[in-house]
Structure formats: structure tokens, C-alpha cells
Amino acid sequence: MKNSKKVILFLFALPVLLMAQSSTPTLESNAEKIAEVQTHADYVWTMVAAFLVFFMQAGFAMVEAGLTRAKNTVNILMKNLMDFSVGSLIFWAIGFGIMFGTTTTGFFGTDGFFLSDFTKDGDPWLFAFWLFQVVFAATAATIVSGAMAERTKFIGYIAYSAVITAIIYPVFGSWAWGSLYNGSGWLEGLGFIDFAGSTVVHSVGGWAALAGAIVLGPRIGKFDRNGRAKAIPGHNITLAALGTFILWFGWFGFNPGSTTAAITDIASIAVNTNLAAAAGAVGAMFTAWFVFKKPEATMTFNGALAGLVAITAGCANVSALSSVIIGLTSGVIVVLSVIFIERTLKIDDPVGAISVHGVCGAWGTLMAGVLDINGFSLSVVGVQLLGIVSAFVWTFTTAFILFKLIQKTIGLRVSPEEELEGLDVGEHGLECYPEFEKVSK
């Protein structure tokens, strides 16, 4: 009887003993498990960062709506929604392949369209990487809406958004970032530094905004008979402030997330990002205080954004002190640039997008080379200048031609009557604030 019990217990215990023996850790199995945990962490961090960057669309919408007039609010919100919606589909179909597909020339990719690189047993990293990249593409496209606000036909804007997401942004992105997946760009081969996109994303958006604002012309009433600029105040500074905070928050996904890996570098990148934004706000506030005799709020908001844009290129390769310098100088530059573009060049940019993204994006890209933590190198600075000029020539030229074509075909600017009434009614048949009473002056 006792022997039978022992046999039965042994038979029950045998599978457990075998499992325990088979699960005994080895150096190889430990290394595999550690690599698996790191891979999963990389996915989670990249996805969370992508979600933060997506939330920046709300920030752009709030800043642009707040700094423009109430009668155009629906139009602003629709453009920010639809440039992401249309852009996502176009980037899936065409843009991603051009930007990150394989290339023999170093100028653009030739495969990977419609995410065709993925097979049933393929690496799912493609999906994580694509999602992180599409929110960047949407950022470049949405920058333009602020500079062209209050007078652009909705259909013309949608057409532009499709082309920038399909061709203009991906081509330059391939030059600078192609090797992040299957490509190999000529500019990155020279050592071009733009970690998270001061030039690739922001200057591309800013220079396209410049082309659009020039082709469109100023809003009715922006300049008097003598060419002097007249202020057209935004309708809701609270929205503009909220949008600034949302963008600042989202930038903690934009810059640290560009590691696409859960590594310790994200801490220093986040600190550099925050310091530059803070210094940008301070620099812009004091510059505006000196110029306008008041600490002007909207200039200060743009100063924070200018600092964020400028540090985006060098956030992974400059010190904390350099980040403060980059942010502070960007805050000064953005105020002076807004004044110069409006008063000297007579270009109407309702939200300062050209200065924040185009000018300060270029400045930050240059400073990433000048203040490189690895030491100053004239050749590195030369490559940075080459990248800045290449971005301007490519983007401004192609965007200018595009806007002219839109102008000659489907139309780019609304009628004077629609502009005076507001684009909400003329373009969308809807008022954002229906309880407001319209008053003619």
C-alpha cells in the first residue's frame, strides 16, 4: 500500500520535476528574455511617444484658432483634423515608401508603398515605426494652416496637404532620415544632424507656409494704403495659451520619442527639450517687452514654441547649458523675425508659423552643429548649412509651384465676400459661436 502511494505521488510529481528541469535558466535563455523585455519596452515607449505627438494636433488647432478671429474657428479646426486624416492615408499609400523605401540614388525610396513590406510572418516593428512617422508627417503639413489662415479655400488646402504628405516632406525626409528604415539618404550620409526634425519637420513646414502666404497675399485690412501693418487680434488668448501648453507637453514625445527605444537617453533629451522651451519663453518675453513696452503674451507663447522647435535638431547631442542658449536665442529671434516678415517683407502670417518653424527650425539645426557636445567642427557646421539650404530650396520651390497650380485650377483663395463674412459660414455652413451677434463697422 505504501509503495503504491509512493508510485502515485511520483507519477504526479514527474511532470513538475521535468518542467522545473527544462526551465532552469541558462546564460542563453536569460539573454533571450532580457532582449524580449527590451523589445517590448521599445514598442511601448515608441507607441506612447507617437500618441503624445498625435495630441500635438490639438495643440496646433488651439493655437491657430485662438490667434485668429472667431468667424474662422470652424475652418481652422477642420483643417487641423483633415490634414491629419488625409495625410495618414496618403502617407500610408505613398509617402512612407518614398521616405523610407530602398533607394539606389539616395534621393527617394522606391518600395514599401501601402505598407507592402509587411508579410504575414514579418517584423511588426514596421507598424510601430510607421505610426511614429505619420504623426511627424502630419505635423509638417499642419504648420502651414496657421500662416494661410482666414483666406484659404478648404479644397485648396486639402489638396496641398495631400501633396506635402505624399512628396514634399517624404523626399527631404528620405535625404536626412532614410536609413532609419530601408533607405539611405545623401544628406545623412554626409553626417547631417537633425535628431528629431528641426529642419526635416519644422523648417519644411515653415518654408511651405512661406510659399503659401506669398501666393495667397495678405488678409483684407492687414495693411493700410501706406503699406503699414495693422493688428488683427485673435479672438481667444485662452485657447492660444492652452494650445501652447499642449504642444509643450507633446514635445516630450516628439524629441525623446525619436530614440524609438526605451533607453536612458530619453531623460537628458527631455531635460534639454524643457530647458530650451523655458528659455525661449523668457527670451521672447523680454524681447517683446523691450520692443512693445509690454510683456506681450502671444509673442511669449511663440517664444516657447520657438525654443522647442530649435532644440529638436540637437536635443540628443548638446548639453543642458547649450539647450538654454539655443532656446534663449530662439526666443529673441522669433520676435524679430515676426516683425521683419510682417513690416519689411509685407507677408501676412496670422500666427507667426514661418518664424517659429521655418526660421527657428533653421537656427536650431545650425546650433546643433555649432554647439555639438563632441566639439566644434567647421565641416559639421558646413553640412548643417547645406542641409538648411537644401530644405529651403526644395521645399519653397516645390510648394510655391504647387500653390500656383492650385490657384490656377481649383482655386486657393476665397472670395472677398466670404473672407469678410468668415470662412466658417462660406466654407462649412456652420458657425462656431452661433450665439454671437455680428456687428458691422
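**Close-ups of a predicted helical chain**

**View 1. H3 crosses H4 in a right-handed way.** Right-handed here means that the near helix is turned clockwise from the far one by less than a right angle, and left-handed that it is turned anticlockwise. Helices (H or I, at least four residues) are DSSP runs numbered from the N terminus, as are strands (E, at least two). On the H3 side, the contact (heavy atoms within 4.5 Å) is made by residues including Phe84, Gly87, Phe91 and Trp92, and H4 brings in, among them, Phe129, Trp130, Val134 and Ala138. Sorting the residues of this contact gives 14 nonpolar, six polar and two charged. For that sorting, Ala, Val, Leu, Ile, Met, Phe, Trp, Tyr, Cys and Pro are nonpolar, Asp, Glu, Lys and Arg are charged, and the others, Gly among them, are polar.

This is a predicted model, with local features needing pLDDT of at least 70 and side-chain atom pairs counted only at pLDDT 80 or more, while totals for chains, interfaces and linings use all residues. Residues are numbered from 1 along each chain as its sequence is written, and side-chain values use heavy atoms, leaving out hydrogens and water.

**View 2. The geometry of the H3 and H4 pair.** H3 (residues 73-100) packs on H4 (residues 125-147) at an angle of about 125°, and their axes lie 8 Å apart. Axes are lines fitted to C-alpha atoms, for helices over the stretch in contact, with angles from 0 to 180 degrees between N-to-C directions. The two helices are therefore oblique to each other (under 35 degrees is roughly parallel, over 145 roughly antiparallel, 65 to 115 roughly perpendicular, and the rest oblique).

**View 3. H4 meets H5 in another right-handed crossing.** H5 covers residues 154-177, and its axis sits 9 Å from that of H4, at an angle of about 125°. So this pair is oblique too. From H4 come Phe136, Ala140 and Val144, among others, and from H5 residues including Tyr157, Tyr160, Ile164 and Trp177. The tally for this contact is 10 nonpolar, four polar and no charged.

**View 4. H7 is mostly covered, with 18 of its 19 residues buried.** Buried means under 20% relative accessible area, exposed over 50%, and partly exposed in between (1.4 Å probe, protein chains only). Just past H7, glycine 217 adopts a positive phi of about 85°.
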